[in-house]
Amino acid sequence: MVLAIPLLIQMVGMLFHWMMPGYNWVALVTTTLIMLVGALPYWKSAWAAFLHHNANMNTLVAVGTTIAYFYSLFAMVTGRPVYFESAAFITVFVLLGDMMEERMHDNASNALKKLLGLQVKDALVKRDGQFTCIPLADVKVGDLIQVKPGEKFPVDGEIASGTTTVDESMITGESIPVAKKVGDHVVGATINGRGTVTFKATKIGKDTMLAQIVEMVKKAQTSHAPIQHLTDKISGIFVPAVLIIAIATFIIWYVLLGASGVQAMLFAVSVVVIACPCALGLATPTALMVGTGRAAKMGVLIKNGEALETVNDIKTIIFDKTGTVTEGKPRVTDIVGPKRQVLEVAASLEAASEHPLASAVMQRASDEGIQPQAVTNFQAIEGKGVAAELAGQPAFVGSNKLSVDYQVSSELKQRLSKLQAEAKTVIQVGLNQQVIGLLAIQDVPKTNAKQAIANLKAQGLRTVMLTGDNERVAQSIAQDVGIDDVIANVLPNEKAHYVEKFQKAGKVAFVGDGINDAPALTTADVGIAMGSGTDIAIDSGSIVLVQNDLRGVVRALEMSRKTFNRIKLNLFWALIYNVIGIPIAAGVFVSLGWILSPEIAALAMAFSSVSVVSSSLLLNKARIE
């Protein structure tokens, strides 16, 4: 830009019929320096493409500047007017466009920079009985680390002592702090609340959730959507076509229309410069970068551009049940009878039980503030339940096989039948030869599952549940959340087979979280893995939901569609710009006074690239539910 200032002064001076002394020599020196410093990378790129019998976007810049520069050398020797300013300003404006592009590129990848900036540099680790501040790189799995109020957790781990609340908004997007107690999992870079806690490091370095998120975003931002291959093909045909149009422009003006060689050359150079399809090359990668970065902020990790493009053609979404649609752990949903007494008796007996449903009973009792009482003569009866003596009275918790000698009211019998009809597991609670109440237990749907399914159906998508659970339970859950079709009693190795069957009617997305879902996630056109799932499921998915929330599926589909639509819009504007610009540059509308000099063509070309990048950046403002 600085070297081009004398040329700019002369261009302004010419309007007032002023000529800079020794201008030709000043222009020669400054333009030569500009060409050697600024245009050299474009020449190198164009030459490398030529050696491979190819032409790229830089070919047009190199050809345009070279023609203008060497013609001006010839003109200077033969005493004709020189056009060094065309070669200089083409280079300056193209570089200016590249610089603005680079700035916007940095803005587009801000999400990645922010993620990298979340990591802390050191940790307070227990060594030789004392907590010592050490660099994060020295932390090992199993180390006990202390985190004070307001500090970030340095790595992933498990609370060993203390209670606190944790701001997990960086991974879940939810601003409400989450209560944490001994045994709960914490994620590196999340922020500790008011309590001082000690936790055991379970994942460090590249194994932490933050590191994996950064890696996934990196891969997504550097991947290519299939539409990019179309762009590359267009560029490969477009560049030689433009060179042919430029030669034809020169011949038509010089031979057929009788223009001077200089005027014909300027039209040809303008065609070459304005047609440089830089905007075409930016259309896909910039939108991909902004879209995947924005998705990452919402807890949706899109691993590659191919998934982003395929989402637009999805017709059916298949869900696993346990851990995906449901919470994945049984809960006490109904208590029939005197609540506190029923829960106290049940918790007192289940405290010593190893049955999978015992934890659901104990959790509900804890939520209600009920402490289990001591029991004697405890016995676990296989397939039936548990029995013991509580405060000297016989008590039991279990199925109706244990209640044959106990009195059961007709009201309880009716409630029992109704709860079983709802596909809930019902256990009876007996005390002193009488059934005093019932507890209904079920793996309940996730809080936002119903809303997410409704949103997906509103988009015209078919929803299916694929589960190994029995038909009655599966139908009950599907009815609760609004899923269209249910396929139950499916073996793990059969899930991929069912996905293939649905693919005959159109592209399929599969949402799952377990090891048994990995084949289906891989077979589906788009695999969406829940972030709370197993590592193998997450690796198999092409989209990962950091939050354990089905609304993430809606966000993933919506963000993918908006990003792909933005790519198509960018391509349209990049191509239409050239379609309009080339005839003007070639002098087709010269009778209307529409003329583009090479330097103005270069400025317009740079502007087209910046406009495409700006269009991509607007994805940051796109409204996502």
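Analyst: A salt bridge is defined here as a side-chain nitrogen of Lys or Arg within 4 Å of a carboxyl oxygen of Asp or Glu. The model is predicted, so local features need pLDDT of at least 70 and side-chain atom pairs count only at pLDDT 80 or more, while totals for chains, interfaces and linings use all residues. Residues are numbered from 1 along each chain as its sequence is written, and side-chain values use heavy atoms, with hydrogens and water left out.

Side chains of opposite charge can pair when their charged atoms come close. D485 and R462 form such a salt bridge, their closest N and O atoms lying 2.8 Å apart. Because D485 belongs to strand β19 (residues 485-487) and R462 to strand β18 (residues 462-466), the pair ties together parts 23 residues apart in sequence. Strands (E, at least two residues) and helices (H or I, at least four) are DSSP runs, numbered from the N terminus. D485 has a relative accessible area of 27% and is therefore partly exposed; R462, at 37%, is also partly exposed. Buried means under 20% relative accessible area, exposed over 50%, and partly exposed in between (1.4 Å probe, protein chains only).

E368 forms a salt bridge with K339, with 3.8 Å between the closest N and O atoms. This pair links distant parts of the chain, 29 residues apart: E368 is in the loop between α14 (358-367) and β13 (375-381), and K339 is in helix α13 (residues 339-350). E368 also forms a salt bridge with R364, at 3.2 Å. A search of the whole structure finds nine salt bridges.
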